[in-house]
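Keep the viewer open as you read.

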Amino acid sequence: MTDPIADYLTRLRNAIKANHRVVEIPASNLKKEITKILFEQGYILNYKFIEGETPAGIIKIALKYDPVDHVNAIKALKRVSRPGLRQYTGYKDMPRVLNGMGIAILSTSQGVMTNKAARDKKIGGEVLCYIY
């Protein structure tokens, strides 16, 4: 597999389309950080890191649905930076997703964070994905 982040986003996207409640994804440190950001921003209901089944472990993610009309909290997941075409940005040119309604996840020198946190700390980095 050449792009594990794209695989992570595709597994989430497929689980949402199939109306699954829980999705299991092979773990890595970067995927764990992205999962924590999704939880903090309210896009997923809960998550759990399970060690031992594979060398890196597994991430179990409980997807968040509206109880009334059963619409998922995540409308779209878009991979921005790819292995063949990296996308970097400075803090002055930070992307705004849906005019501030969505988030961009960045990999910076101070760790993985959202575009809003990176703008506040005045650091740039590689734009991993857009989520709204």
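**Starting from one residue**

Setting aside residues up to four places away in sequence, Ile-16 touches Leu-63, Tyr-65, Asn-72 and Ile-74, where contact means heavy atoms within 4.5 Å. Before going on, please note that this is a predicted model, in which local features need pLDDT of at least 70 and side-chain atom pairs count only at pLDDT 80 or more, while totals for chains, interfaces and linings use all residues. Residues are numbered from 1 along each chain as its sequence is written, and side-chain values use heavy atoms, with hydrogens and water left out.

Ile-16 has its place in helix H1. Helices (H or I, at least four residues) and strands (E, at least two) are DSSP runs, numbered from the N terminus. Is Ile-16 buried or exposed? With a relative accessible area of 13%, Ile-16 is buried; the classes are buried under 20% relative accessible area, exposed over 50% and partly exposed in between, with a 1.4 Å probe and protein chains only. For a sense of distance, take Ser-28, which is 12 residues from Ile-16 along the chain: the two C-alpha atoms are separated by 21 Å.

Asn-72 sits in the loop between strand E3 (58-63) and strand E4 (77-79). Although in a loop, Asn-72 is buried, at a relative accessible area of 6%. Not counting residues up to four places away in sequence, Asn-72 touches Ile-16, Leu-63, Lys-64 and Tyr-65. Asn-72 and Asn-19 are 53 residues apart along the chain, yet their C-alpha atoms are separated by 8.4 Å.

Back in helix H1 (residues 4-17), look for Tyr-8. Tyr-8 has a relative accessible area of 0% and is buried. Which residues does Tyr-8 contact, leaving aside its neighbours within four places in sequence? They are Ile-25, Lys-31, Ile-34, Thr-35, Leu-38 and Ile-61. Between Tyr-8 and Glu-24, 16 residues apart in sequence, the C-alpha to C-alpha distance is 9.6 Å.

**Stepping back to the whole chain**

With those contacts in mind, zoom out. The protein has 3 helices and 8 strands, and from the N terminus on its elements run α-β-α-β-β-β-β-β-β-α-β. Its radius of gyration is 15 Å, close to the 14 Å that the globule rule gives for 132 residues, so the protein is as compact as a globular protein of that length. Here the radius is taken over C-alpha atoms, and the rule is 2.2 Å times the number of residues to the power 0.38. Along the principal axes, the C-alpha atoms fill a box of roughly 40 × 40 × 25 Å.

Of the 132 residues, 42% count as buried. Among contacts between residues at least 6 apart in sequence, 58% join residues at least 24 apart. The accessible surface comes to about 7500 Å², and 51% of that belongs to carbon and sulfur atoms; these areas come from the Shrake-Rupley method with a 1.4 Å probe, and for residues only the protein chains shown count as cover.

As for charge, there are 21 positive and 12 negative side chains, with the centres of the two sets 4 Å apart. Lys and Arg count as positive and Asp and Glu as negative, while His and the chain ends are not counted. Each charge is placed at NZ of Lys, CZ of Arg, CG of Asp or CD of Glu.

Aromatic rings of Phe, Tyr and Trp (its six-membered ring) pair if their centres lie within 6.5 Å; planes under 30 degrees apart count as stacked, over 60 as edge-to-face and the rest as tilted. By this rule the count comes to 2 aromatic pairs. The rings of Phe-39 and Tyr-47 have centres 5.3 Å apart and planes at 75°, so this pair is edge-to-face. Tyr-47 and Phe-49 have ring centres 5.2 Å apart and planes at 45°, so that pair is tilted. Together, Phe-39, Tyr-47 and Phe-49 form one aromatic cluster.

Finally, two backbone details. Most residues other than glycine have a negative phi. Leu-98, though not a glycine, has a positive phi of about 50°, and lies in the loop between strand E5 (88-89) and strand E6 (103-108). Lys-122, also not a glycine, has a positive phi of about 60°.
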